[in-house]
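Dear colleague,

Please find below the structure I wished to hand over to you, together with its sequence. My findings follow directly after it.

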Amino acid sequence: MSVVIDNLKEAINGESNAKRKYELFAEKAKEENHPEIAHLFEAISTAEAIHIKNHLRALTVLTNKDVKVEDLVEVNEEVLRNNVKDTKSNLLDAINGETYETKKMYKEFVRNSKKEDNEVAELSFSLARKAEKVHAEIFSSYLKKLEKEIIIDKQKIFVCQICGNVEFAVPPSVCPICDHTQKFFLEI
Ligand SMILES: [Fe+2]
Ligand SMILES: [Fe+2]
(Lines give C-alpha, C1' and ligand atoms only; values in the text may rest on other atoms or scores of the structure.)
(Ligands and ions follow the chains in the order given, each with its own letter.)
Protein backbone atom coordinates (compact mmCIF):
# COMPACT_ATOMS: atom_id res chain seq x y z
CA MET A 1 0.00 0.00 0.00
CA SER A 2 1.15 3.47 -0.83
CA VAL A 3 1.70 5.77 2.12
CA VAL A 4 1.35 8.71 -0.24
CA ILE A 5 -2.21 7.76 -1.20
CA ASP A 6 -3.13 7.79 2.50
CA ASN A 7 -1.32 11.11 2.89
CA LEU A 8 -3.36 12.61 0.05
CA LYS A 9 -6.58 11.45 1.69
CA GLU A 10 -5.50 12.86 5.05
CA ALA A 11 -4.57 16.18 3.42
CA ILE A 12 -7.93 16.40 1.63
CA ASN A 13 -9.74 15.85 4.91
CA GLY A 14 -7.51 18.30 6.79
CA GLU A 15 -7.89 21.02 4.17
CA SER A 16 -11.66 20.53 4.03
CA ASN A 17 -11.88 21.06 7.78
CA ALA A 18 -9.60 24.11 7.61
CA LYS A 19 -11.71 25.58 4.80
CA ARG A 20 -14.94 25.28 6.81
CA LYS A 21 -13.25 26.44 10.01
CA TYR A 22 -12.09 29.65 8.33
CA GLU A 23 -15.60 30.33 7.03
CA LEU A 24 -16.86 30.12 10.61
CA PHE A 25 -13.97 32.30 11.85
CA ALA A 26 -14.93 34.85 9.18
CA GLU A 27 -18.51 34.95 10.48
CA LYS A 28 -17.23 35.49 14.01
CA ALA A 29 -14.87 38.27 12.91
CA LYS A 30 -17.79 40.01 11.22
CA GLU A 31 -19.85 39.72 14.40
CA GLU A 32 -16.98 41.25 16.37
CA ASN A 33 -16.68 44.08 13.87
CA HIS A 34 -13.37 43.07 12.30
CA PRO A 35 -14.39 43.16 8.62
CA GLU A 36 -10.81 43.04 7.30
CA ILE A 37 -9.99 39.97 9.36
CA ALA A 38 -13.22 38.39 8.13
CA HIS A 39 -12.11 39.17 4.57
CA LEU A 40 -8.76 37.47 5.21
CA PHE A 41 -10.40 34.34 6.63
CA GLU A 42 -12.69 34.18 3.60
CA ALA A 43 -9.76 34.56 1.21
CA ILE A 44 -7.64 31.90 2.90
CA SER A 45 -10.64 29.59 3.04
CA THR A 46 -10.76 29.74 -0.76
CA ALA A 47 -7.02 29.04 -0.86
CA GLU A 48 -7.59 25.79 1.06
CA ALA A 49 -10.16 24.87 -1.59
CA ILE A 50 -7.37 25.09 -4.20
CA HIS A 51 -5.31 22.61 -2.17
CA ILE A 52 -8.30 20.25 -1.96
CA LYS A 53 -8.73 20.46 -5.72
CA ASN A 54 -5.03 19.81 -6.39
CA HIS A 55 -4.86 16.84 -4.00
CA LEU A 56 -8.06 15.38 -5.47
CA ARG A 57 -6.65 15.67 -8.95
CA ALA A 58 -3.43 13.95 -7.80
CA LEU A 59 -5.42 11.18 -6.12
CA THR A 60 -7.51 10.66 -9.26
CA VAL A 61 -4.39 10.41 -11.43
CA LEU A 62 -2.63 8.03 -9.05
CA THR A 63 -5.53 5.70 -8.33
CA ASN A 64 -6.98 5.87 -11.81
CA LYS A 65 -10.40 6.22 -10.23
CA ASP A 66 -13.04 8.89 -10.02
CA VAL A 67 -12.55 10.19 -6.50
CA LYS A 68 -15.52 11.58 -4.62
CA VAL A 69 -14.64 14.17 -2.02
CA GLU A 70 -17.59 13.21 0.19
CA ASP A 71 -16.21 9.68 0.56
CA LEU A 72 -12.95 11.02 1.99
CA VAL A 73 -14.01 13.92 4.11
CA GLU A 74 -15.52 14.12 7.52
CA VAL A 75 -16.36 17.68 8.52
CA ASN A 76 -18.08 17.73 11.88
CA GLU A 77 -19.97 21.01 11.89
CA GLU A 78 -20.75 20.85 15.60
CA VAL A 79 -17.12 20.28 16.57
CA LEU A 80 -16.00 23.13 14.32
CA ARG A 81 -18.65 25.49 15.69
CA ASN A 82 -17.67 24.64 19.27
CA ASN A 83 -14.09 25.46 18.37
CA VAL A 84 -14.96 29.05 17.37
CA LYS A 85 -13.79 31.54 20.01
CA ASP A 86 -13.03 35.26 19.91
CA THR A 87 -11.17 36.52 16.84
CA LYS A 88 -7.82 36.81 18.62
CA SER A 89 -7.99 33.15 19.68
CA ASN A 90 -9.25 32.16 16.24
CA LEU A 91 -6.23 33.82 14.61
CA LEU A 92 -3.95 31.94 16.99
CA ASP A 93 -5.74 28.69 16.17
CA ALA A 94 -5.25 29.42 12.46
CA ILE A 95 -1.53 30.18 12.94
CA ASN A 96 -1.08 26.90 14.84
CA GLY A 97 -2.90 24.94 12.13
CA GLU A 98 -0.93 26.47 9.28
CA THR A 99 2.35 26.01 11.16
CA TYR A 100 1.55 22.35 11.84
CA GLU A 101 0.82 21.82 8.16
CA THR A 102 4.02 23.58 7.08
CA LYS A 103 6.49 22.22 9.59
CA LYS A 104 5.09 18.77 10.20
CA MET A 105 2.29 17.41 8.04
CA TYR A 106 3.29 18.56 4.54
CA LYS A 107 6.99 18.30 5.38
CA GLU A 108 6.46 14.61 6.10
CA PHE A 109 4.15 14.12 3.09
CA VAL A 110 6.71 15.68 0.73
CA ARG A 111 9.37 13.36 2.18
CA ASN A 112 7.11 10.32 1.69
CA SER A 113 6.41 11.35 -1.92
CA LYS A 114 10.14 11.56 -2.60
CA LYS A 115 10.66 8.12 -1.06
CA GLU A 116 7.97 6.68 -3.31
CA ASP A 117 9.32 8.67 -6.24
CA ASN A 118 5.85 10.12 -6.69
CA GLU A 119 6.20 13.45 -8.49
CA VAL A 120 2.46 14.04 -8.83
CA ALA A 121 1.86 13.95 -5.09
CA GLU A 122 5.12 15.74 -4.33
CA LEU A 123 4.10 18.72 -6.44
CA SER A 124 0.66 18.96 -4.83
CA PHE A 125 2.09 18.70 -1.30
CA SER A 126 5.00 21.06 -1.85
CA LEU A 127 2.83 23.80 -3.41
CA ALA A 128 0.39 23.51 -0.48
CA ARG A 129 3.25 23.55 2.02
CA LYS A 130 4.69 26.78 0.61
CA ALA A 131 1.26 28.43 0.53
CA GLU A 132 0.53 27.40 4.14
CA LYS A 133 3.76 29.09 5.20
CA VAL A 134 2.52 32.32 3.63
CA HIS A 135 -0.89 31.86 5.30
CA ALA A 136 0.77 31.45 8.72
CA GLU A 137 2.83 34.61 8.20
CA ILE A 138 -0.19 36.66 7.14
CA PHE A 139 -2.32 35.43 10.04
CA SER A 140 0.58 36.30 12.40
CA SER A 141 0.84 39.82 11.03
CA TYR A 142 -2.92 40.33 11.47
CA LEU A 143 -2.78 38.98 15.03
CA LYS A 144 0.04 41.38 15.89
CA LYS A 145 -2.01 44.29 14.55
CA LEU A 146 -5.06 43.21 16.49
CA GLU A 147 -3.05 42.86 19.71
CA LYS A 148 -1.51 46.30 19.24
CA GLU A 149 -4.91 47.70 18.26
CA ILE A 150 -3.53 48.90 14.92
CA ILE A 151 -6.33 49.46 12.41
CA ILE A 152 -6.17 47.01 9.52
CA ASP A 153 -6.78 48.96 6.32
CA LYS A 154 -9.23 47.70 3.77
CA GLN A 155 -7.24 46.18 0.93
CA LYS A 156 -7.66 43.92 -2.03
CA ILE A 157 -6.78 40.26 -1.45
CA PHE A 158 -5.83 37.95 -4.29
CA VAL A 159 -5.54 34.15 -4.23
CA CYS A 160 -3.49 32.22 -6.79
CA GLN A 161 -5.85 29.67 -8.31
CA ILE A 162 -2.99 27.26 -8.97
CA CYS A 163 -1.30 27.06 -5.57
CA GLY A 164 -3.36 29.00 -3.00
CA ASN A 165 -0.76 31.72 -2.48
CA VAL A 166 -2.20 34.95 -1.06
CA GLU A 167 -1.15 38.44 -2.16
CA PHE A 168 -2.38 41.94 -1.33
CA ALA A 169 -3.20 45.09 -3.32
CA VAL A 170 -1.74 44.10 -6.71
CA PRO A 171 -0.84 40.50 -7.57
CA PRO A 172 2.77 39.95 -8.71
CA SER A 173 3.47 39.40 -12.41
CA VAL A 174 4.54 35.84 -11.55
CA CYS A 175 3.42 33.84 -8.52
CA PRO A 176 6.51 33.31 -6.32
CA ILE A 177 5.27 29.86 -5.30
CA CYS A 178 4.06 28.20 -8.52
CA ASP A 179 5.49 30.48 -11.26
CA HIS A 180 2.13 31.01 -12.92
CA THR A 181 1.35 34.45 -14.28
CA GLN A 182 -0.71 37.24 -12.74
CA LYS A 183 -3.87 36.23 -14.59
CA PHE A 184 -4.20 33.20 -12.28
CA PHE A 185 -4.77 35.46 -9.28
CA LEU A 186 -8.42 35.91 -8.37
CA GLU A 187 -9.58 38.80 -6.23
CA ILE A 188 -11.61 37.55 -3.27
FE1 LIG B 1 -3.64 27.50 4.73
FE1 LIG C 1 0.65 30.32 -7.34
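I begin with the last loop of the chain. Aspartate 179 lies in the loop between β2 (166-168) and β3 (185-187). Its phi is positive, near 70°, although the residue is not a glycine. Because aspartate 179 has 9 other C-beta atoms within 10 Å, and 12 or fewer count as exposed, this residue is exposed. Please bear in mind throughout that the model is predicted.

Other positive phi values

Most residues other than glycine have a negative phi.

- Glutamate 149, which is not a glycine, has a positive phi of about 55°. This glutamate belongs to the loop between α6 and β1, and it is exposed because 6 other C-beta atoms lie within 10 Å of its own.
- Asparagine 33 follows α1 and has a positive phi, near 65°.

Overall architecture

The protein has six helices and three strands. Along the sequence they follow the pattern α-α-α-α-α-α-β-β-β. The radius of gyration is 16 Å, close to the 16 Å that the globule rule gives for 188 residues, so the protein is as compact as a globular protein of that length. The C-alpha trace spans about 50 × 40 × 25 Å along its principal axes. Of the 188 residues, 38% count as buried. Among contacts with a separation of 6 or more, 70% are between residues 24 or more positions apart.

The nonpolar core

Which residues touch the most other members of the largest nonpolar core? They are Leu40, Phe41 and Val166, in a core of 45 residues. At least two residues of this core come from each of α1, α2 (35-63), α5 (87-115), α6 (119-147) and β1 (157-160). The largest share, twelve residues, is supplied by α2. Leaving aside residues up to four places away in sequence, phenylalanine 41 touches Tyr22, Phe25, Ala26 and Ala29.

Helix α1 (residues 3-31) has 29 residues, which at 1.5 Å a residue should span 42 Å; the C-alpha atoms at its ends are 42 Å apart, so the two values agree.

Helix α5 also contains 29 residues, and the distance from its first C-alpha to its last is 40 Å, close to the 42 Å expected at 1.5 Å a residue. A kink of about 45° occurs in α5, centred on glutamate 101. Glutamate 101 is itself one of the buried residues of α5, which also include Leu91, Ala94, Glu98, Tyr106, Phe109 and Val110. The elements covering the buried residues of α5 include α1, α2 and α6. As a general point on such patterns, an α-helix has 3.6 residues a turn, so residues three or four places apart point the same way.

A residue of α6

Leucine 123 and alanine 58 are 65 residues apart in sequence, and their C-alpha atoms are 9.0 Å apart in space.

With kind regards

Terms used. Residues are numbered from 1 along each chain as its sequence is written. Chains are lettered from A and ligands numbered from 1 in the order in which they are written. This is a predicted model: local features need pLDDT of at least 70, side-chain atom pairs count only at pLDDT 80 or more; totals for chains, interfaces and linings use all residues. Helices (H or I, at least four residues) and strands (E, at least two) are DSSP runs, numbered from the N terminus. The expected span of a helix is 1.5 Å times one less than its number of residues. A nonpolar core is a set of buried Ala, Val, Leu, Ile, Met, Phe, Trp, Tyr and Cys residues joined through C-beta atoms within 7 Å. A residue is buried if 20 or more other C-beta atoms lie within 10 Å of its own, exposed if 12 or fewer, and partly exposed in between; C-beta atoms are placed from the backbone. Two residues are in contact if their C-beta atoms, placed from the backbone, lie within 7 Å. The radius of gyration is taken over C-alpha atoms; the globule rule is 2.2 Å times the number of residues to the power 0.38. The bend at a residue is the angle between axes fitted to the seven residues ending there and the seven starting there.
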